[in-house]
Amino acid sequence: MKIAILPGDGIGPEIIAEAIQVLQVLNDRFALGAEWELAAIGGAGFDEAGDPYPETTRRLARACDAVLLGAVGGPKWEGLEKPKRPEAGLLAIRADLGLYANYRPAKVFSQLVDQSTLKPEVIDGVDLLVVRELVSGVYFGQPRGIETVDGERRGFNTMAYTEEEVTRIARVAFSAARLRRGKVCSVDKANVLDCSELWRETVCRLHAAEFSDIELSHMYVDNAAMQLIRNPKQFDVIVTSNLFGDILSDEASMLTGSIGMLPSASIGDDHALYEPIHGSAPDIAGQDRANPLATILSVAMMLRFSLQRADLAAKVEQAVEQTLNDGVRTADLAGGTSGCRAMGAAVCTRLEALA
Ligand code: IPM
Ligand code: MG
């Protein structure tokens, strides 16, 4: 069992260090038997090899059972041409490993109900899953670029989905719903976009053919953005395209009080990558102020999806719950005073006690 660990930039190395402590406890106390190797990605990849997704990292990621990633990006690399920027490294690894299905669960921890900007009665009990398509859509569509037409510059991108791309992501969402509350809401903009019209037709076709036991609804993305705030408990699984999923998953994270709590899994046919949904937070990097819980919860997702250890995933989640019950809070959680290292250590102590 081998894991490629890619800390990345900003707070990436700090939150990953705490995730490694958790893996170490799982090895020492629970006989997980995992090995790992670190490699550079994002700005760190550019600094090391002139490439945000270096060839050595690519080879390691392809050879491992799973990839654990911190975060990429920072002001230091903002002036670089687009293909060299940290974000390009993230998009490249997603495309290279064929990680088309991005699972972004947003579950409200009852201990944190008061941290949200929304009323407790609106968010208490929220437990939804955004299934975001991750390797196609307007992020990757061709043609794209900036051209000069009649002396004026014009930027353009292409939003495109094939039936096959929609079918495979819809299948992921329906299958996930079967293990949850049996509801899928497909989010599109079919009242305006041709791409969305095909998306909706394709989702309906798969539903009728293979998943008629699932309750399927459709929502335009503008309405979905509103409904997520108005009544988030109506959602079980949301399935949507790359761009809409990027936006709605950030919105959904705020239901839980802090984006520092949300893990994710990106799954393809042959590879899987786990990362917190938040960014590299350069403003607090190196200050021991980041919340490592999203990364630690990403380790739990990795245990469940890639390492076939749902039992240990549950233990990690339980240790996180207990840490929150005991009132340990990083700064993002209503101005808590614990640092990143203290939060990581607190989780490890509780995990050890579960052995
Ligand atoms: C995310 C991020 C990335 C995305 C960026 C960093 C390229 O926002 O994972 O949601 O847009 O997909
Ligand atoms: Mg995003």
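1. Contact here means heavy atoms within 4.5 Å. By that rule Ser 196 touches Asp 188, Lys 189, Ala 190 and Phe 244, leaving aside residues up to four places away in sequence. Ser 196 is part of helix α7, residues 194–210. Its relative accessible area is 5%, so Ser 196 is buried, the limit being under 20%. Bear in mind that the model is predicted.

2. Strand β8 covers residues 183–188 and runs parallel to β9. Six bridges join the two. In one of these pairings, Ser 186 has His 218 in β9 as its bridge partner.

3. Is β5 largely enclosed or open? Six of its seven residues are buried, so β5 is largely enclosed by the rest of the structure. β5 pairs with β4 in the antiparallel sense, over seven bridges. Lys 107 stands opposite Asp 127 of β5. β5 also runs parallel to β10, with four bridges joining them. There, Leu 129 has Val 237 in β10 as its bridge partner.

4. Strands β6 and β7 form a hairpin. β6 spans residues 145–149 and β7 spans residues 152–156. They run antiparallel and are joined by five bridges. Gly 145 is paired with Phe 156 in β7. Two residues lie between the strands, and Asp 150 in the turn has a positive phi of about 50°.

5. Gln 142 and Pro 143 are joined by a cis peptide bond, with omega about 0°. Pro 143 lies in the loop between β5 and β6.

6. Helices α8 and α9 form a pair. α8 covers residues 221–230 and α9 covers residues 242–255. Their axes come within 10 Å and cross at roughly 10°. That angle is under 35 degrees, so α8 and α9 are roughly parallel to each other. From α8, Val 221, Ala 224, Ala 225, Leu 228 and Ile 229 take part. They meet Phe 244, Leu 248, Glu 251, Ala 252 and Leu 255 of α9. By class, the contact has nine nonpolar residues, no polar ones and one charged.

7. Two alanines have backbone angles to look at. Ala 31 follows α1. Its phi is near 50°, a positive value in a residue other than glycine. Ala 31 sits in the loop between α1 and β2. It is exposed, at 61% relative accessible area. Ala 281 also has a positive phi, about 40°, although it is not a glycine. Ala 281 lies in the loop between β12 and α10. Its relative accessibility is 23%, so Ala 281 counts as partly exposed.

8. Last, Pro 292. Where is this residue? Pro 292 is in the loop between β12 and α10. Is Pro 292 buried or exposed? It is buried, with a relative accessible area of 0%. Its contacts are Ile 15, Glu 18, Thr 330, Cys 340, Met 343 and Gly 344, not counting residues up to four places away in sequence. Pro 292 and Ala 353 are 61 residues apart in sequence, and 20 Å apart in space, C-alpha to C-alpha.

Technical notes. Residues numbered from 1 in each chain as written. Chains lettered and ligands numbered in written order. Predicted model: local features only at pLDDT ≥ 70, side-chain atom pairs only at ≥ 80, totals over all residues. Heavy atoms only, no water. Axes fitted to C-alpha atoms, helices over the stretch in contact; angles between N-to-C directions. Parallel < 35°, antiparallel > 145°, perpendicular 65-115°, else oblique. Nonpolar A, V, L, I, M, F, W, Y, C, P; charged D, E, K, R; others polar. Pairing = 2+ DSSP bridges. Buried < 20%, exposed > 50% of the residue type's maximum accessible area, 1.4 Å probe, protein only.
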